[in-house]
Amino acid sequence: MAVAFDGKLRMAAAALGCGSRKEFCARFRKANPATECDLERLNKWVQGRSLPRAASVYADLGAVIGTAKPGRWIADCSLEDFAAELAACTGADAATLVASGGVASRAVTRAAGLFGGVATLAGAFAAYSPGWSPHFRGHLIRGALRLKPGRNGTLIATYAEALVGRVARLTGEVQIAGRSMHCVLREPDGDMMLFVSLQVPGPPASMLCGVMSGVAFVAHESLPSACRIAFIRVPETPRLDATNRYLDPVPGAIAADLADLGVTLAEAGRFDAFTREFLGASPIQVTAQDQASFAGMLDRAYLGATG
C-alpha cells in the first residue's frame, strides 16, 4: 500500500505550478507516453478514492518531479520525506508543500470568484471553541488562526492552540465550494489532525463561524470530538499567539479578550453573550464506553451471521 499517495500528488502539482489536474496529467504523459495515468484515474488518486494498480505509476511520478529515487521509494516514503525530495528537485519550500499540497481544483476556481478573491479572507483571527479536555470541562479554548494566500490562488490556514505547556500548530489548504469552506489541518511534526467546516462570509470577512472535529488529546483516552467554533478577525500582532489559553467563559470574558487584542465593539455585552450561547458549554464526544456498549449489543449477532 502506498503511503499518502493523494497528498504526494497534490504536493507535486503545487510544486510544479500546475493550474489544473489536466495540466498535471500532461506531465505524466510527457515523462512516459505509455503511462497508466489518465485524467479519470488521476482524479480518483488525488481524491484518495483509489491507488494505482500499476507500480510503474510511482516511477512515472518520480520522473515527473525529476528525482533519481525509484518508484518503490516514491510509494513508501512519508509525506515529509517526499516534500523534502520534491523541494530539492524543484526549489519549492518543503514546509509550504506539506501545508498546501494542493492541485488547483474546481474548489480553488470558485474561491477566485469571491469579491476580492482569497485576499478577502486572508488575515489573523482569534479562535473560540469549547475545550475538549475532560480536565478543562466548561472552559473555552482561545486559539489563533491565520489565513494566507498560497500558490495558484489557494488559501493556507494555520491554526494554533496552547495545550498544557506546548503549542500545537496545524496547517492545511482551504477548499472553498460555493458559500462553504473546509480544511483538514495537520500538525507537521506530530499526530494531531482537525477538520474545520465554515461559512464563507462576504467582505469585510470580520468573522468565520462553523464546526470543528477531531480527537481530544489532553485526555486519558481517545475522545472523538466535535464542536462549534468562531474565528474573529483581529489585528496581526505577536500578542495573539502569546495569549492563546483556556478561557473561563464568564460574562464579558470574550469581549475583554478581543479588546486586549485591539478590537473595539460598540455592543460588546451583546456580542459576548451571543458568542458564548453560540459556542455552547461543552463539545459532542464519543467515549470508549460508548463503543463498548454498542459492541456488546451487536457483535454477537454479527459473529453469528458470519459463522
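A residue counts as buried when its relative accessible area is under 20%. In this predicted model, Tyr 159 has a value of 1% and is therefore buried under that cut-off.

**Strand pairing and hairpins**
- Strand β3 (residues 155-163) pairs with strand β4 (residues 166-177) in the antiparallel sense, over nine bridges.
- Within this pairing, Leu 155 stands opposite Val 174 in β4.
- Two residues separate β3 and β4 in their hairpin, and Val 164 in the turn has a positive phi of about 50°.
- Strand β4 also pairs with strand β5 (residues 180-186), in the antiparallel sense and over five bridges.
- Ala 177 stands opposite Ser 180 in β5.
- The hairpin of β4 and β5 likewise has two residues between the strands; Gly 178 in its turn has a positive phi of about 65°.

**Aromatic pairs**
- The structure holds five aromatic pairs.
- One of them, Phe 5 with Tyr 58, is edge-to-face, at 4.9 Å centre to centre and 75° between the planes.
- Because Phe 5 lies in helix α1 (residues 5-16) and Tyr 58 in helix α4 (residues 56-65), this pair ties together parts that are 53 residues apart in sequence.
- Phe 5 is buried at 2% relative accessible area, and Tyr 58 is buried at 7%.
- Tyr 159 and Phe 231 also form an edge-to-face pair, with 6.3 Å centre to centre and 85° between the planes.
- This pair links Tyr 159 in strand β3 to Phe 231 in strand β8 (residues 223-234), 72 residues apart.
- Phe 231 is buried, at 2% relative accessibility.

**Cluster and charge over a ring**
- Phe 5, Trp 45 and Tyr 58 are linked into a cluster by ring pairs.
- Lys 69 lies over the face of Trp 73, at 5.1 Å from the ring centre.

How values were computed. Residues are numbered from 1 along each chain as its sequence is written. This is a predicted model: local features need pLDDT of at least 70, side-chain atom pairs count only at pLDDT 80 or more; totals for chains, interfaces and linings use all residues. Side-chain values use heavy atoms; hydrogens and water are left out. Two strands pair if DSSP finds at least two bridges between them. Helices (H or I, at least four residues) and strands (E, at least two) are DSSP runs, numbered from the N terminus. Rings of Phe, Tyr and Trp (its six-membered ring) pair if their centres lie within 6.5 Å; planes under 30 degrees apart count as stacked, over 60 as edge-to-face and the rest as tilted. Buried means under 20% relative accessible area, exposed over 50%, partly exposed in between (1.4 Å probe, protein chains only). A charge sits over a ring if NZ of Lys or CZ of Arg is within 6 Å of the ring centre and within 35 degrees of the ring normal.
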